[in-house]
Amino acid sequence: MRYAYTPEQLRWCDEVRAFCRANVTEALRAELRQAGNEGDGPLAKAFHRRLFDKGWWGVGWPKDFGGMGKAAVEQYAFIEEMQLAGAPAMNLSITSVAPTILREGTEAQKARWLPPILKGQVEFAVAYSEPNAGTDLANVSTKAELDGDEWVLNGQKIWNTGAHTATHNWVAVRTEPEARKHQGISMIIVPMDTPGIEVQPIWTMSNIRTNAVFFDNVRVPKDHLVGARGMGFYYAMMALDFERIQLGCTGMLARLLAELKAFVRRTKRDGRPLGTIPWVRRAMADLEMRVEVGRQIGLLNAWLIDQGQVPTKEGSIAKVYVTELNAHLASVGLDILGLAGQLAPEDDAGPLHGRLQWLYTIAPMQRFGGGTNEVQRIIISQRGLGLPRK
């Protein structure tokens, strides 16, 4: 594995950085803070349209499908530069759903779904979790039954973030009730304007909306089932592995740490420069090490994908490490900021625009989004270490 970018990769970083300097404005960052870092506001959408126009929405897609054909390491570099600049995040259509369609979809499905995803005309939410299964995908009970040329869906999903704005949902359903629980699941694309869908909001303490979604005799065409019938569990695992390139990126943490370092350098407490206090220096050094370790894990994950591997163990390690580092950095950072650090992003008096307070409140959601960290540790122990299930 290379631990340094090649000259070509460095030029790519420079190009992305220059684009961000020209297009990520303070007004855009303020809009993202106001929306809990969700990129649904008008400035965020305008930013995404510029990415569509440049052809950067499909950074890692094959050129045959309109993408740039960049390697996974270059995708990581792209996401890292975007996060360092505070730009709106890529959505799940690009980071999770499209890579799976590219690998497992039929040629007709690729032709149908990939071009509109690339142009931002189709946007997916991802529906895996359920009230009685949590994020344990093998226990999904939402079912789909074939009736002529249509699938009929019934059931409920939860934590279906983005379902209220997405055009389509990527839904895990049980299509083979007699099969073993891991082998009876399929992935079906469901247009969100289909009759029989009800979306109810769930607000998190970080002011981000997620949803409960109900399917009541929802009918979709037979060809909306992607890949092979009954293979949905494995497709979902694959999609999550690809998604973890973004989940395992430390660009946002590096940016927040840089802001915290600047705060420590300029601030005095009880007449002393904050940076002269021993516990603060130790804490800052510890955070510097942890963020760098997280970056190397994320790069390893991307590099393995470039070698043609599906990095199940490494993807889970990156997901667990970075999402738990989010909580740790937020907690230590709030200690360093003092009482004012607890002010929310909408309070002008909050240091660092209240970003560490925001990170502290969103960190629990990040630990279960994309598969809980408890499940990730099971994956690491079983698939990575070869340990028995029980």
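Reader: What links D14, R17 and E81?

Author: These residues, D14, R17 and E81, belong to a network of salt bridges. The model is predicted, so local features need pLDDT of at least 70 and side-chain atom pairs count only at pLDDT 80 or more, while totals for chains, interfaces and linings use all residues. Residues are numbered from 1 along each chain as its sequence is written, and side-chain values use heavy atoms, leaving out hydrogens and water.

Reader: What makes the contact of R17 with D14 a salt bridge?

Author: A salt bridge requires a side-chain nitrogen of Lys or Arg within 4 Å of a carboxyl oxygen of Asp or Glu. The closest N and O atoms of R17 and D14 are 3.0 Å apart, and the contact therefore meets the definition. Both residues lie in helix 1 (residues 7-23), 3 residues apart, which is about one turn of the helix; helices here are DSSP runs of H or I with at least four residues, strands are runs of E with at least two, and both are numbered from the N terminus.

Reader: Why are R17 and D14 called partly exposed?

Author: The term covers residues between buried (under 20% relative accessible area) and exposed (over 50%), computed with a 1.4 Å probe and protein chains only. R17 has 33% relative accessibility and therefore counts as partly exposed; D14, at 42%, is likewise partly exposed.

Reader: What makes K319 a residue without a salt bridge?

Author: K319 is buried, and the nearest side chain of opposite charge, E374, is 7.5 Å away. Lys and Arg count as positive and Asp and Glu as negative, with His and the chain ends not counted. K319 lies in helix 10 (residues 312-337). A polar atom of its side chain lies 2.8 Å from the backbone oxygen of R367.

Reader: Why is K390 called exposed, and where does it lie?

Author: K390 has 93% relative accessibility, and therefore it counts as exposed. K390 is located in the segment after helix 12 (373-384).

Reader: What makes the phi of N217 and of H353 worth noting?

Author: Most residues other than glycine have a negative phi. N217 is not a glycine, yet its phi is positive, about 55 degrees. N217 is found in strand 7 (residues 209-221). H353, also a residue other than glycine, has a positive phi near 55 degrees. H353 lies in the loop between helix 10 and helix 11 (355-368), and at 42% relative accessibility H353 counts as partly exposed.

Definitions and conventions
A polar contact is a pair of N or O atoms within 3.5 Å; within protein, one must be able to donate a hydrogen and the other to accept it, and residues adjacent in sequence count only if both atoms are side-chain atoms.
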